[in-house]
Amino acid sequence: MALLLRNGRVVDPATGMDEVCDIIVRDGVIAEIGHDLKTEKGETVDLSEKVVLPGLVDVHVHLREPGREDEETVYSGTRAAAHGGFTALCAMPNTEPVPDEGSSIRFLVERAREHGAVRVYPVGAISIRQEGRALAEIGDMVGEGAVAVTDDGHSVPDAGMVRLAMDYTRAFDVPLVAHCEDDSLVGKGVVNEGVVSTRLGLAGWPAAAEEIGVARELRLAGLTGCRLHLQHLSTAGSIELVRAAKAKGVPVTCEVTPHHLFLTEDDITEAYETSLKMNPPLRTAEDAAALLAGLQDGTVDCIATDHAPHAPHEKALEFELAPVGTTGLETALPLVITNLVAKKKASWADIANWMSHGPRAALGLPDVRLEVGAVADFTVVDPEAMVDVSTEWFCSKSRNSAFLGAKLLGKASEVLVGGYFALRNGKVVV
Ligand SMILES: [Zn+2]
């Protein structure tokens, strides 16, 4: 049986393609791309006015399973991913227990095979229980399918341990993924240190605390030759450091999140919105502009969401006590379309680079291309669809979105994973 997708605008900067044409999918791969294609047997779907992109991937997702299945699971998180237009995601290791040896990676791989609506690539921990004291079983985890290691949620406090971890990740040919934060400077900080922290009377989390972590990791990557991927960069100074390191040939990639691109510290008011409490915190408008400039000049490789589901009773705590983070899988693409594509700050080819090819290269995931013979993982976007970000709209088990109430333009209408629909007419169908 074949699937004929007609009249979509097929955009893939990796092949140089940007034209309205037809795609035939057969046996999970792209069998033909061209004009006026026909199939004897099978189904035809009209994609007029829609944009077909290589399958989007989110390399920074907290699935919460095992340990906090009340907040998210492999089942619900991968359906949220499909709803948001992603064909794949990378699962962070700050679960309970922490995956720090092979069998817990195998658990996630098997779970994803049984329950996953999209592809799941596990990321293991750098240190045992993410405690920063002893190195996790990196080789064992890579052998079971871990694509990288990270202690996301924390920085590894000891530079010597990071160096040792980098020697291992280089030997096993996976990137070390770093959350950069100097704890001694952050202390009890909960918002960006500056005018807003003073006005609100909240403890400040200074930009320098991230930048010192970034600088340390860049130096160590230069020393070891390890592939380094920096998570959720939030300051202009971090972008500057990465730009300089890339110019010197350091093997580094980095990501920024939609909330750091499209929100600032000024969005936090005397209402003390815990939905806007993040780590790293929302920064200034100048920082947000520097993140976008970094994407546009290639310093920043990708957009990743840091999808962080939380139970409502926890986010309802006072600002200092509430957990950090926002859900992101379902709002990322609509936010990017609304704020960048619709305002002509980015093209569809940019979106394909920042949300598919860039993150895949950064984490060493298989690339997907819109060309004959390639696996049929792609995202179909309806640029004119309206999105009302309401609590009812989410497939995630959690509702702690920083963008609740937003009216957005454009979203995924279809998602194909290995030739099968995970999303169709905007509805999750697996
Ligand atoms: Zn983090």
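This is a predicted model: local features need pLDDT of at least 70, side-chain atom pairs count only at pLDDT 80 or more; totals for chains, interfaces and linings use all residues.
The model contains an open sheet of eight strands, paired in parallel and ordered β6-β7-β8-β9-β10-β13-β14-β15. The edge positions are held by β6 (56-61) and β15 (302-303); each has a single partner strand, so one side of each lacks a neighbour in the sheet. Within the sheet, strand β13 (residues 228-230) is joined to strand β14 (residues 252-256) by three bridges in the parallel sense. Leu230 has Cys254 in β14 as its bridge partner. Two helices that pack on this sheet are considered next. Helix α1 (residues 74-84) touches β7 (86-91) and β8 (119-124), and its direction makes about 140° with that of β7. Helix α7 (residues 207-224) packs on the sheet through contacts with β10 (176-178), β13 and β14. The direction of α7 makes about 165° with that of β13.

Helix α7 also packs against helix α4 (residues 159-171), at an angle of about 45° and with the two axes 10 Å apart. The two helices are therefore oblique to each other, and their crossing is right-handed. On the α4 side the contact comprises Ala159, Val162, Arg163, Met166, Asp167 and Arg170, which meet Arg216, Glu217, Leu220, Ala221, Leu223 and Thr224 of α7. Classified by residue type, this contact of α4 with α7 has six nonpolar, one polar and five charged residues.

A further helix pair is formed by α12 (residues 332-341) and α13 (residues 348-363), which pack at an angle of about 140° with an axis separation of 11 Å. That angle makes α12 oblique to α13. The crossing of α12 and α13 is right-handed. Helix α12 contributes Ala332, Leu333, Val336, Ile337, Leu340 and Val341 to the contact, and helix α13 contributes Trp348, Ile351, Trp354 and Met355. The contact of α12 with α13 consists of ten nonpolar residues, with no polar and no charged ones.

Antiparallel pairing is found for strands β16, β17 and β18. Strand β16 (residues 378-388) runs antiparallel to β17, to which eight bridges join it. One of the paired positions is Asp388, whose bridge partner in β17 is Lys407. Strand β17 is also joined to strand β18 (residues 420-424), again in the antiparallel sense, by three bridges. Here Val415 stands opposite Leu423 of β18. The hairpin of β17 and β18 has two residues between the strands, and Gly418 in this hairpin takes a positive phi near 55°. Of the eleven residues of β17 (residues 407-417), nine are buried, so the strand is largely enclosed by the rest of the structure.

Residue Leu335 lies in helix α12. Its relative accessibility is 2%, and Leu335 therefore counts as buried, the cut-off being under 20%. Beyond residues up to four places away in sequence, Leu335 touches Pro258, Phe262, Leu340, Phe403 and Leu408. Leu335 and Gly410 are separated by 75 residues in sequence, whereas their C-alpha atoms are 8.3 Å apart in space.

Methods
Residues are numbered from 1 along each chain as its sequence is written. Side-chain values use heavy atoms; hydrogens and water are left out. Axes are lines fitted to C-alpha atoms, for helices over the stretch in contact, and angles run from 0 to 180 degrees between N-to-C directions. Helices (H or I, at least four residues) and strands (E, at least two) are DSSP runs, numbered from the N terminus. Angles under 35 degrees count as roughly parallel, over 145 as roughly antiparallel, 65 to 115 as roughly perpendicular and the rest as oblique. A crossing is left-handed if the near helix is turned anticlockwise from the far one by less than a right angle, and right-handed if clockwise. Contact means heavy atoms within 4.5 Å. Ala, Val, Leu, Ile, Met, Phe, Trp, Tyr, Cys and Pro count as nonpolar, Asp, Glu, Lys and Arg as charged, and the others, Gly among them, as polar. Buried means under 20% relative accessible area, exposed over 50%, partly exposed in between (1.4 Å probe, protein chains only). Two strands pair if DSSP finds at least two bridges between them.
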